[in-house]
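Welcome! Here is a short briefing to read alongside the sequence and the 3D view.

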Amino acid sequence: MMLLLLLSCMVFATTMGAADISMTDSLRILLNEVPYVGPFFSQGHIEGKFRVIVLSIRLPRILLSVLVGTGLSVVGASFQGLFKNPMADPYIMGVSSGAALGAAMGITIFAGGILSVQFMAFLGALLAVILVFHIAKAGHKVPVLPLILAGVAISAMSSAAISMLMIFHRDQADQIIFWTMGSMASAAWRDLIYVGPLILLSVILISLHKRDLNLMISGEDAAYSLGVDVEKVKKRLLLISCFTIAVVVSVSGVVGFVGLIVPHGVRMVLGGDHRVLLPFSALAGGLFMLLSDTLARTLLAPMEIPVGAVTALFGAPYFILILYRSKKNGGFL
Amino acid sequence: MNELTISHLNFSYGNQKVLKELSIDIRKGKFYSILGPNGSGKTTILRHIQKLLLPQSGKVLLGQDEVRLLKVRDIAKKIATVPQETHIAVDFSVLDFVLAGRAPHLRRFENETPVDYKKANEAMLATNTWQYAHKSVRELSGGELQRVVVARAMVQEPELFLLDEPVSHLDLRHQILILDTVMSYCRRQESTVISVLHDINLAITYSDELIFMKKGRVYAKGKPEEIITEPILKEVYETECIILKNPIDGRPYVIPKINTRSEKE
């Protein structure tokens with residue numbers, strides 16, 4: 001069901017944009033590319049430039065935003081289970097900013113091939129999550145407020161460092177700005193070819209821990225006595241998550257709040273069972289990101305709003321709402 | 001045959017020695033209770049058995065294997081625990097919660113089979129929780145939840161149950177219900193039980209053997225009839241007690257001597 005909705009939204013999104021392309025035309029263009037059934041959909045009357053717009057501009061961007069949303073949401077869901085804390089989110093916890101700082105350092109100080117930027121983003125993400133976790137930790141628990149505060153502090157520090165880097169390396173400032181403001185505008189097939197499999201792989205790897213996460217949210221000691229090596233699982237999931245965030249940030253920059261509101265919404269509707277939560281977060285995350293990005297590029301077309309601004313517009317009020325609620329009942333949800 | 005062998009176990013938190021040269025043999029199929037004042041090392045023993053703590057010296061053997069070298073999953077196939085309290089943050093159904101007891105027996109890619117469901121159903125029937133199967137665990141009362149936790153431990157099919165004050169916060173009916181269920185299950189399956197109980201009379205009623213701890217050592221170990229004596233109780237608890245005979249099972253019954261009158265004055 002959900003998958004169908006996502007697919008139809010993706011098709012619909014191909015029709016949105018500055019150039020006026022009809023639904024049937026873009027469907028024809030897309031289906032023509034599908035092996036075996038392709039030849040049945042003639043391209044006769046469709047203008048060549050429309051084919052280019054749909055296939056090499058809009059489609060990669062749509063796929064990219066779905067992938068980014070999926071990655072962020074699944075990581076968000078796993079963080080929330082891992083820290084037993086509904087506020088855990090790669091953006092709020094400073095992981096995304098850490099990745100951006102790492103990337104900025106990769107661009108300026110350790111200027112080299114594309115790999116070093118990605119690798120630095122990964123290191124930045126990992127360092128940020130370890131720092132935040134240790135600052136916020138009280139005994140065996142990670143309480144809500146310290147987690148957010150530590151995340152804010154790390155974010156602020158990363159942003160400050162990024163600004164400094166931009167001042168000292170003015171010629172590369174444009175490149176860095178891209179990392180700090182989320183955008184899907186640079187989507188291209190050559191990015192998708194390596195980002196797509198990596199994000200899907202991470203999502204699958206995280207999903208393999210669904211049973212462990214289910215056991216862990218009902219108490220670490222209980223999970224342990226049911227055979228979950230809690231510390232090992234935590235480390236493994238943190239590593240995979242940081243890797244995912246680094247990959248996501250490397251193509252989209254920092255996009256906030258997706259990892260927070262999507263799993264949260266899914267949890268409210270379908271419950272907190274990770275066997276349901278993880279796959280639905282993946283789909284809903286893709287959908288949410290797709291809608292946000294479509295809004296971002298069409299609302300003021302031909303001008304573009306940064307997609308990070310759109311998600312924050314939805315996300316920030318929602319964040320405040322959850323915070324307010326959790327203050328009242330102090331529960332997990 | 002020994003289910004569990006603890007030999008020359010030493011453990012300290014910082015400077016404080018908690019276990020001193022502790023050696024205990026636990027025989028298969030028996031019900032043991034560890035008794036003793038707070039801080040005598042009871043829970044520390046349980047944590048060593050589960051590998052939640054590693055011995056600083058000495059050994060803990062589960063059957064023939066050293067616990068230290070076993071994988072967490074392999075330990076969970078043999079040992080199930082029932083803690084004092086369980087907090088669950090998510091609305092799992094009782095069935096799902098009990099089914100989670102199969103987790104150590106399933107591979108990562110494996111789903112629960114009809115056999116697993118059958119085992120869960122049997123455990124829910126045995127603990128009289130079957131009628132809650134589709135209720136959320138968060139809607140249960142403390143006693144009902146503890147019965148569900150016992151059902152989950154049973155589904156784990158362990159050789160050894162560790163009960164850490166499993167009935168301390170429950171009403172009278174549930175105290176008896178929980179311990180009865182565990183005892184009859186273990187009799188049937190020839191599983192072993194090690195419990196930490198605060199109520200000495202409950203421990204006497206249900207246990208084949210008692211282990212009295214004092215300051216990190218075993219002070220006395222044996223059948224209730226043999227080791228429940230006034231001098232031992234006085235030494236372990238630093239409290240004067242009177243020992244009567246329980247009219248139901250003929251076992252000893254302990255009443256602490258409390259001079260209520262002098263306390264009021």
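Let us begin with a crossing of two helices: α12(A) and α13(A) cross in a right-handed way, meaning that the near helix is turned clockwise from the far one by less than a right angle, anticlockwise being left-handed. This is a predicted model, in which local features need pLDDT of at least 70 and side-chain atom pairs count only at pLDDT 80 or more, while totals for chains, interfaces and linings use all residues. Residues are numbered from 1 along each chain as its sequence is written, and chains are lettered from A and ligands numbered from 1 in the order in which they are written.

**The helix pair in chain A**

- The axes of α12(A), residues 258-270, and α13(A), residues 274-298, come within 9 Å and cross at roughly 125°. Helices here are DSSP runs (H or I, at least four residues) and strands are runs of E (at least two), numbered from the N terminus.
- Axes are lines fitted to C-alpha atoms, for helices over the stretch in contact, and angles run from 0 to 180 degrees between N-to-C directions.
- The two helices are therefore oblique to each other; angles under 35 degrees count as roughly parallel, over 145 as roughly antiparallel, 65 to 115 as roughly perpendicular and the rest as oblique.
- Val262(A), Gly265(A) and Val266(A) are among the residues of α12(A) that meet α13(A), whose side includes Phe280(A), Ala284(A) and Phe288(A). Contact means C-beta atoms, placed from the backbone, within 7 Å.

**A closer look at Ala284(A)**

- Is Ala284(A) buried or exposed? Ala284(A) counts as buried, with 24 C-beta neighbours inside 10 Å (buried takes 20 or more other C-beta atoms within 10 Å, exposed 12 or fewer, partly exposed in between, with C-beta atoms placed from the backbone).
- Ala284(A) sits in helix α13 of chain A.
- Beyond its neighbours within four places in sequence, Ala284(A) contacts Ser73(A), Val262(A), Gly265(A) and Val266(A).
- Thr70(A) lies 214 residues away along the chain, yet its C-alpha atom is 7.5 Å from that of Ala284(A).

**The sheet in chain B**

- An open sheet of 6 strands runs in the order β6-β7-β8-β3-β9-β10 (chain B), with mixed pairing; strands pair if DSSP finds at least two bridges between them.
- β7(B), residues 160-164, and β8(B), residues 192-196, run parallel and are joined by 5 bridges.
- Leu160(B) has Thr192(B) in β8(B) as its bridge partner.

**Where the chains meet**

- The contact takes 20 residues from chain B and 21 residues from chain A.
- On the side of chain B that touches chain A, α2(B) gives the largest share, 3 residues.

Conventions
Two residues are in contact if their C-beta atoms, placed from the backbone, lie within 7 Å.
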